[in-house]
Amino acid sequence: MAQAIAVGAGNLGLTGSNPSVGCLIVRDDGQGSGEGPGQGHAEGPRIIAAAVTAPGGRPHAETQALAQAGEAARGATAYVTLEPCSHHGHTPPCAEALIRAGIARVVVSVVDPDLRVSGRGIAMLREAGISVETGVLAAQGERALEAYLLRKRLGRPHVTLKLALSRDGMIGVRGRAAGEGQVAITGPESRAYVQHLRARTDAILVGIGTALADDPELTVRLPGLEDRSPVRIVLDADLRLPPGSKLARSARTVPVIAVGGVLSSDGGDIEARARQDRADALSVLGVEVLEWDPRRLDLLLPALASRGLSSLLVEGGARTAASFLNAGMVDRLLLFTGTPTIGTPMIGMEGIASPIRPGLVPASFMHMSGEAFGPDHLDIYERTP
């Protein structure tokens, strides 16, 4: 099961509304080893197939693994990180596929909370005479599938808030010209970690202040992983995102959602036309303009979940970070502390204080670990149940 969980993690952030599930098919008679079914005769269990949910969410892991195993699947054991589906959707149920293949035993880590499945897949297998064991490495399985599970249970994405702090608790400097770029607080090792995190995340979010000040692209820039860039979201009540920004200009390559505020009915024709012009200019470039009150995170996050977004990485700005913390919508905190000290305000500029610092976090969060990334230090906190 530990290996099935590792296999399942391979497509995190790529499977759309479906979870990234791992499945292994194992024989305990030596057949189906690396030498091919019927050729190897080593004793002990042998993995004859391994698969993860495909990009886009289909095919599912079980059907791919069964296809790899072929006839050798008959009488074998399937290790699956999530309960096999039991409903007819775009594809037939995986539980039926396991039954047809002649699988003798199924080992499941986590029962699927999806109301269309939730125990039905297990019941189907048992009714067909298949031995089923559940809860194997359940804690590890829950962690690997945490974003999908939280979306199904709470109806919103799993939210990770990432902040990079100077030694004196600042996350940036005020007074920079628009697009001047970020103040370098952390080093290349920390930035590489964040790039890997983006590659495993469904969506990334910043506030319009960050979008204007830094002109970020918010894509994955690691060689070979560029196609794993998440959906990019900007909280932009007045639709100030410039059409010439990196986000807008790359919207047809990697999706961008601008969450604009709902225009007041008494805003006047001139204001309404100006806002519509800004919306049209962004839409022409491929930016989706979502008319929503960016302050109502309790409503916005379920709307994002309804699009199949299970994991959200919040990267942008003190105000945005504070709004998520105040709304109780943060599940994990990643606090990087770099070596620079921003210190006394410079002429025309001043430090932007972080709304949260290592060791000074709400009581609802527990410190889970701390580790070094080059000269930087990362503290990880998680919301307690």
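The protein chain carries 38 positive and 41 negative side chains, and the centres of these two sets lie 1 Å apart. The structure is a predicted model. Its secondary structure comes to 12 helices and 16 strands, and the C-alpha atoms fill a box of roughly 75 × 50 × 40 Å along the principal axes.

**The chain as a whole**

- Of the 385 residues in the protein chain, 49% are buried.
- The protein chain exposes about 17,600 Å², and carbon and sulfur atoms supply 53% of that area.

- Nine strands form an open sheet with mixed pairing, in the order 11-10-9-8-12-6-13-16-15.
- Strand 11 (288-291) and strand 15 (365-373) stand at the edges; each has a single partner strand, so one side of each is left without a neighbour in the sheet.
- From one strand to the next, the twist averages 20°.

**Strand 8 and its partners**

- Strand 8 (residues 203-207) pairs with strand 12 (residues 311-314) in the parallel sense over 3 bridges. In this pairing, Ala 203 stands opposite Leu 312 of strand 12.
- Strand 8 also pairs with strand 9 (residues 231-235), again in the parallel sense, over 5 bridges. Here Leu 205 stands opposite Ile 233 of strand 9.
- In a regular strand, side chains alternate between the two faces of the sheet.
- In strand 8, Ala 203, Leu 205 and Gly 207 lie on one side, while Ile 204 and Val 206 lie on the other. Both faces are covered, and these residues are all buried.
- Counted along the strand, 5 of the 5 residues of strand 8 are buried.

**A helix across the sheet**

- Helix 7 (residues 188-199) lies across strand 6 (158-165), strand 8, strand 12, strand 13 (332-337), strand 15 and strand 16 (376-383).
- The direction of helix 7 is at about 160° to strand 13.

**A buried histidine in a loop**

- His 60 is located in the loop between strand 2 (46-52) and helix 2 (61-69).
- The relative accessibility of His 60 is 18%. Buried means under 20%, and His 60 therefore counts as buried.
- Leaving aside residues up to four places away in sequence, His 60 touches Asn 18, Thr 53, Cys 85, Thr 91 and Cys 94.

Terms used:
Residues are numbered from 1 along each chain as its sequence is written. This is a predicted model: local features need pLDDT of at least 70, side-chain atom pairs count only at pLDDT 80 or more; totals for chains, interfaces and linings use all residues. Side-chain values use heavy atoms; hydrogens and water are left out. Helices (H or I, at least four residues) and strands (E, at least two) are DSSP runs, numbered from the N terminus. Buried means under 20% relative accessible area, exposed over 50%, partly exposed in between (1.4 Å probe, protein chains only). Accessible areas come from the Shrake-Rupley method with a 1.4 Å probe; for residues, only the protein chains shown count as cover. Lys and Arg count as positive and Asp and Glu as negative; His and the chain ends are not counted. The place of a charge is taken as NZ of Lys, CZ of Arg, CG of Asp or CD of Glu. Two strands pair if DSSP finds at least two bridges between them. Axes are lines fitted to C-alpha atoms, for helices over the stretch in contact, and angles run from 0 to 180 degrees between N-to-C directions. Contact means heavy atoms within 4.5 Å.
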